[in-house]
Amino acid sequence: MRLQKVTKGDGLFRALLIRFISGVSGMRLPDAARIVMYHRDYYGKPMTAWTHAAMRGESGWSVGERELFAAMTAKWNQCPFCIDAHGAIASLVLDKTLVTAALSNYHNAALSSKLYTTLQFLETFAKTPGELTTEQVKEVLLSGVSTQELEDAMAVVALFSITVRCANALRFEMLSAADQAGAAKRMLQQGYVFGKGIPKGRPDHKAMALKLHKCIFEGPGLTDTDLRQAVGNRATGGPALPVPAYDKLALEIGAGSYRVTDEQVNEAVKVAGSEKAAFELITAAAVATGLSRWQSGSALLEEVKK
C-alpha cells in the first residue's frame, strides 16, 4: 500500500478495528477492506453501498457470474490483486475450470452464448467505451440478455473499473494462497458491507451512481471540489491540469493505472499537503473513469429502449 494512513487506519478507532479484525481472522486485513474504511463518508460508504447492491442484490446474473465480470474487469486493467480476489470468489460458485479458462482467454472457454456475447460487450465497455454503438447493445440483447441484466453487468464493470484503478494506483498487497481462499469464502458469505446481508430487490444503479458522484465531486473534503472535478475530467481525457504532478497521475490512473509509480504518488502527496488530500485526488480520478463508462453505457441502453 502506497499510503500509510490507509494502511494504518483513519484515526484511533479505525486503527484498533483493523488490528482487531486482523487478529480475529488470523490474517492481515486486505487492502481492499482498508481503503473503504478510510475517509468513509467521502469514498467508502457510497462505494460499498453500490458495490454490495450490484454484487449481491437481485439480478438475472448469479453471484458467480457477477464475480467473474469483476475478475475480467481486473484482467482487462492488469490488476493482479483483483484478478485473484474475484476469480477466487467466482470459483466458489461457478466451475473453477471454467473461471480459469475464462480468465486465460474467454474466447476459448466453454461459455454459454449469452455469457460470451456479454463478455465481448463488456470488454469494449471496460477498455474503449467510446467505441460502443447501439448496434452492439442490440446484439447483446438479441443473445437473450434483458435490458436489466445488461444494466446490472455494466454496473459491475463500472464499479470495478474504479476499484482496480485504486488497487493499482495504491498498490494493494497481494494475499497468500491460504489467505485468499479464506477471504473469498468470507466475501461470498458476507458480501461487500459487513452485517448487511443480501440486499432486497433490484439495485437502483442510477441513484447510487449519482450518490457516489456527489460525494466525490461535490461533497466536503480536504481538497477543493473544483480541483477534484478537474482531476476527474483529466482522467477521462479532459483538459490538462496546471500542476504536473496531478496531471500525469490523473492521466495514468485513467488510461493505465498499472503504470502508476511510487514516485508519482509521493509527489502528489507532497504537492497536496497530506496523504488524505492525495487520496481524494486519486479516488476522484478512478471514480470519474468508472462513472464515465457507466454514463456512456446507460445512454446507449436508453437509446435502444426508446
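Is Glu-149 buried or exposed, and at what relative accessibility? I looked this up first, and Glu-149 counts as buried because its relative accessibility is 11%, where buried means under 20% relative accessible area, exposed over 50% and partly exposed in between, with a 1.4 Å probe and protein chains only.

Before going further I noted that this is a predicted model, in which local features need pLDDT of at least 70 and side-chain atom pairs count only at pLDDT 80 or more, while totals for chains, interfaces and linings use all residues. I also noted that residues are numbered from 1 along each chain as its sequence is written, and that side-chain values use heavy atoms, with hydrogens and water left out.

**Entry on salt bridges**

I took a salt bridge to be a side-chain nitrogen of Lys or Arg within 4 Å of a carboxyl oxygen of Asp or Glu, and by this rule the count comes to 17. As background, side chains of opposite charge can pair when their charged atoms come close.

I then looked up the partner of Glu-149, and found that its side chain meets that of Lys-114 in a salt bridge at 3.1 Å, N to O. This pair links distant parts of the chain, since Lys-114 lies in helix 8 (residues 113-127) and Glu-149 in helix 10 (residues 147-170), 35 residues apart; helices here are DSSP runs (H or I, at least four residues), numbered from the N terminus. Lys-114 is partly exposed, with a relative accessible area of 25%.

The next pair I checked was Arg-56 with Glu-67, whose side chains meet in a salt bridge at 3.0 Å, N to O. Arg-56 lies in helix 4 and Glu-67 in helix 5 (residues 63-76), so the pair ties together parts that are 11 residues apart in sequence. Arg-56 counts as buried at 8% relative accessibility, and Glu-67 counts as buried at 0%.

I also recorded a network of salt bridges that links Arg-28, Asp-31, Arg-34 and Glu-173.

**Entry on Asp-152**

Which residue forms a salt bridge with Asp-152? I found Arg-202, with the closest N and O atoms 2.6 Å apart. Asp-152 is in helix 10, whereas Arg-202 is in the loop between helix 11 (177-190) and helix 12 (205-217), and the two are 50 residues apart, so that the pair links distant parts of the chain. Asp-152 counts as buried at 3% relative accessibility, while Arg-202 is partly exposed, with a relative accessible area of 27%.

I next listed polar contacts, meaning pairs of N or O atoms within 3.5 Å, where within protein one must be able to donate a hydrogen and the other to accept it, and where residues adjacent in sequence count only if both atoms are side-chain atoms. The side chain of Asp-152 makes such a contact with the side chain of Arg-202 at 2.6 Å, and another with the side chain of His-205 at 2.8 Å. Leaving aside neighbours within four places in sequence, Asp-152 is in contact (heavy atoms within 4.5 Å) with Glu-58, Ser-59, Gly-60, Trp-61, Arg-202 and His-205.

**Entry on His-52**

I located His-52 in helix 4 (residues 40-56), where it counts as buried at 5% relative accessibility. Not counting residues up to four places away in sequence, His-52 touches Gly-57, Gln-190, Gly-191, Tyr-192, Val-193, Lys-196, Gly-197 and Pro-199.

**Entry on helix 6 and helix 11**I looked up how these helices meet, and their axes come within 9 Å and cross at roughly 65°, with helix 6 covering residues 80-93; axes are lines fitted to C-alpha atoms, for helices over the stretch in contact, and angles run from 0 to 180 degrees between N-to-C directions. The contact is made by Asp-84, Ala-85, Ala-88, Ile-89, Leu-92 and Val-93 of helix 6 and by Gln-180, Ala-184, Lys-185, Met-187 and Leu-188 of helix 11. I sorted these residues into 8 nonpolar, 1 polar and 2 charged, with Ala, Val, Leu, Ile, Met, Phe, Trp, Tyr, Cys and Pro counted as nonpolar, Asp, Glu, Lys and Arg as charged, and the others, Gly among them, as polar.

**Entry on positive phi**

Most residues other than glycine have a negative phi. I noted that His-39, although not a glycine, has a positive phi of about 50°; it is found in the loop between helix 3 (31-37) and helix 4 and counts as buried at 13% relative accessibility. Gln-78 also has a positive value, with phi near 55°, and its place is in the loop between helix 5 and helix 6, where Gln-78 is partly exposed, with a relative accessible area of 44%.
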